[in-house]
Amino acid sequence: MQPSPATTYQTDSPLEFAFTHSARKLTKSRGKNIHRYVSIKMNTIISVESTLEFDACFHFDFNNEISRFCSQPIRYSYVINGIIHSYVPDFLCEFDCGEMVLYEVKAPDAVKSKSFASEFEAKRKYAKKLFDVDLELIEERHIRYIPLLKNLKCIHRYTSHSELTDEQTSILKYLNKHGSTKLETIIAHFSNSKNIIPMIYDLLSKYLINTDLRVPLNCQTELKTTYV
């Protein structure tokens, strides 16, 4: 989705508060399998209620248009058929333009249910009315798109908070000089460097180089720097 032009949020708004105080504290219980996602972007552990929500975190973490995100952000009430319901969205994201968006993550069976469309529309209506924020749906087919999700998980595995190594700096200089280059060419040029693949993944996670993550990462992958 494309966020709208920048919106200013008060520092004491419920949306801002959500980044430091979850609306629900997720704890293990019968029938629930809580997952803990180690966020690179947020430098914290984010608790979620399903493997699908866990997989969604990889997309939020490595989308360079998203500056921060959190789970279980706010609780609010919505009305449908005259009945008041309580609702907590799955995620809140803030984009680099300043716009905030709420997200609900759903599996196919839930989306196909007879009541889903009307309930979601009511949730979306009240999110806009109460907080002037959009509520968007993310379906499983978008989250578990392969090979994108597989690539994001590989990047997550090798991400480091450490400063760039001398070898990584050399790789950036090489790409900046030669432009788009196949991974196999980089491997051959830096044949004396150890762990070249983890270094490449780390550079991808830092948005210092980029490639099309919708196709498999392999020796034919074209890499280029994000600056000139």
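## Buried rings

Tyr-174 is buried, and Phe-190 is buried too (buried means under 20% relative accessible area, exposed over 50% and partly exposed in between, with a 1.4 Å probe and protein chains only). A quick note on the model: it is predicted, so local features need pLDDT of at least 70 and side-chain atom pairs count only at pLDDT 80 or more, while totals for chains, interfaces and linings use all residues. Residues are numbered from 1 along each chain as its sequence is written, and side-chain values use heavy atoms, with hydrogens and water left out.

There are 12 aromatic pairs in the structure (rings of Phe, Tyr and Trp, with its six-membered ring, pair if their centres lie within 6.5 Å; planes under 30 degrees apart are stacked, over 60 edge-to-face and the rest tilted). One of them is Tyr-78 with Tyr-87, edge-to-face at 6.3 Å centre to centre and 90° between the planes. Both of these tyrosines are buried. Tyr-174 and Phe-190 make another edge-to-face pair, with 5.7 Å between centres and 80° between planes. That pair ties together distant parts of the chain, 16 residues apart: Tyr-174 is in helix H7 (residues 166–178), and Phe-190 is in the loop between helix H8 (183–189) and helix H9 (196–205). Helices (H or I, at least four residues) and strands (E, at least two) are DSSP runs, numbered from the N terminus.

## A cluster and a charge over a ring

Phe-60, Phe-69, Phe-91 and Tyr-103 come together as one aromatic cluster. Elsewhere in the list of ring contacts, Arg-68 puts its charged end over the ring of Phe-19, 3.9 Å from the centre (the test is NZ of Lys or CZ of Arg within 6 Å of the ring centre and within 35 degrees of the ring normal).

## How H7 meets H9

H7 and H9 pack at an angle of about 70°, and their axes are 10 Å apart (axes are lines fitted to C-alpha atoms, for helices over the stretch in contact, and angles run from 0 to 180 degrees between N-to-C directions). The two helices are therefore roughly perpendicular (65 to 115 degrees; under 35 is roughly parallel, over 145 roughly antiparallel and the rest oblique). On the H7 side, Glu-167, Gln-168, Ile-171 and Leu-172 meet Ile-196, Met-199, Ile-200, Asp-202 and Leu-203 of H9, where contact means heavy atoms within 4.5 Å.

So how enclosed is H9 by the rest of the structure? Largely, because eight of its 10 residues are buried. Among them are Tyr-201, Leu-204 and Ser-205. The cover over the buried residues of H9 includes helix H6 (148–158), H7, H8, strand S10 (209–210) and strand S11 (222–225).

Most residues other than glycine have a negative phi, and most peptide bonds are trans. Here are some exceptions. Ile-146 and Pro-147 are joined by a cis peptide bond, with omega about 15°. Pro-147 belongs to the loop between helix H5 (140–143) and H6.

Gln-72 isn't a glycine, yet has a positive phi of about 45°. Gln-72 sits in the loop between strand S3 (66–71) and strand S4 (76–80), and at 1% relative accessibility it counts as buried. Asp-132 also has a positive phi, near 55°, in the loop between helix H4 (116–131) and strand S8 (134–139). Asp-132 is partly exposed, at 46% relative accessible area.
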